[in-house]
Amino acid sequence: MNYNTFFKDALAGLKAEGRYRVFANLERIVGKFPKALYHPDNGEAPREITVWCSNDYLGMGQHPKVLDAMQSAITGQGGGAGGTRNISGSNHLHVALEHELADLHGKEAALLMTSGYVANWTTLSTLGSKLPDCVIISDSQNHNSMIEGMRHSKAERRIWNHNDVDHLEAILKDLGPQRAKIVAFESVYSMDGDIAPIGQILDLCEKYNAFSYLDEVHAVGMYGPRGGGVAERDGVMDRVDIIQGTLAKAFGVIGGYIAAKPEIVDFVRSFGNGFIFTSSQPPSIAAGALASVRHLKESDVERAAQKERADTLRARMREADLPVMDAPSHIVPLMVGDPAMCKEASDRLLFEHDIYVQPINYPTVPRGTERLRFTPGPLHNDELIDHLIDSLLTVWSKLGISKVA
């Protein structure tokens, strides 16, 4: 076995398909979001570009309250937390943040983890492996972190067609009310921007005695009067058994968590290896997240501005006959349909128009549905939108990309 040849050939295959991932070397600029400095790989001087695909949906990563809280924590407590939560690393700020997150979702308890990926992987793998004869029923478009958690649990897995409640009911009816069942799904699906019918799904969970697990990572901070997510917006948050969220998107920092009844949270805390054996967040990160969550509970200004910007961009793309996908959320996907062309469009926008939007290719989305995914925020003004539309039309024309959605 020639290991290096195997690795090189595999990478060459990715490049030939046009789905080799290239990372943009960016430097964020406090006070100028969504602007950033792009550092070219060829050694040229960095130049200012506009970021159109950030998951910092509301710009909270540079909010003065967040920065002040993080700086204060660093000055007062230093860098790292000092260990795992079990061994000297359970900081007062972690505990305060967990109380705040539990309150955000109307739950009695929450558990902080190092990322949303870890939270999904740990929780689903723990529940699936410990519940007797458990079967996990997964939406067909669930995130990789959920899929890997299910796989690691070794529990039986059934896949239901995306957002198809009739198919979900057929599976639940087949399994019967006595068997342990987890229905795992998301609220906002980040690649298409569509939203799950949460209330109908919960109706079925209650009818067939299934445990509900809702991933709200692309919705927390964004929906509901206090930013509790789509479940809060729809008035069904109290009916969800576990809500999982992230601090790395609308809240602008990093980290993941679950919120649920105390016995559920304590179960994951006590049996979840992904939590037990991982060093905890630095106090400064928890402080920044705490400030962000508290601010967005009280302020709807950022959410309202973001929604208006997303609606405006989607409308402007339609007016320009660009193949924008219909979506009821803050995600604005623009269809390309070819991996090499998607990468070329992204490159031209960056190198010729100072616009950064990452190409989204397989396996993140199915083959033939490659796209550019835009996430307009409150600070993407009309001038930036005008420049984006003009640049997209130029690139579409040069590359001959179809305008049919």
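**Burial, crossing and pairing in a predicted model**

Reader: Why is His94 called buried?
Author: His94 has a relative accessible area of 1%, and buried means under 20% (exposed is over 50%, partly exposed in between; 1.4 Å probe, protein chains only); therefore His94 counts as buried. This is a predicted model, in which local features need pLDDT of at least 70, side-chain atom pairs count only at pLDDT 80 or more, and totals for chains, interfaces and linings use all residues. Residues are numbered from 1 along each chain as its sequence is written, and side-chain values use heavy atoms, without hydrogens and water.

Reader: Which residues is His94 in contact with, leaving aside its neighbours within four places in sequence?
Author: With contact meaning heavy atoms within 4.5 Å, they are Ala81, Arg85, Gly89, Leu112, Ser280, Gln281, Pro282 and Ala286. The side chain of His94 reaches the backbone oxygen of Gln281 at 2.8 Å. His94 itself lies in helix H3 (residues 92-104).

Reader: What makes H4 roughly perpendicular to H9?
Author: The axes of H4 (residues 116-130) and H9 (residues 262-271) come within 10 Å and cross at roughly 95°. Angles of 65 to 115 degrees count as roughly perpendicular (under 35 roughly parallel, over 145 roughly antiparallel, the rest oblique), so H4 is roughly perpendicular to H9. Thr122, Thr123, Thr126, Leu127 and Lys130 of H4 meet Phe267, Val268 and Phe271 of H9.

Reader: How do you know that strand S3 pairs with S12?
Author: Pairing requires that DSSP find at least two bridges; two bridges join S3 (residues 47-51) to S12, and these strands run parallel. Therefore S3 and S12 count as paired. Val51 stands opposite Tyr356 in S12.

Notes. Helices (H or I, at least four residues) and strands (E, at least two) are DSSP runs, numbered from the N terminus. Axes are lines fitted to C-alpha atoms, for helices over the stretch in contact, and angles run from 0 to 180 degrees between N-to-C directions. A polar contact is a pair of N or O atoms within 3.5 Å; within protein, one must be able to donate a hydrogen and the other to accept it, and residues adjacent in sequence count only if both atoms are side-chain atoms.
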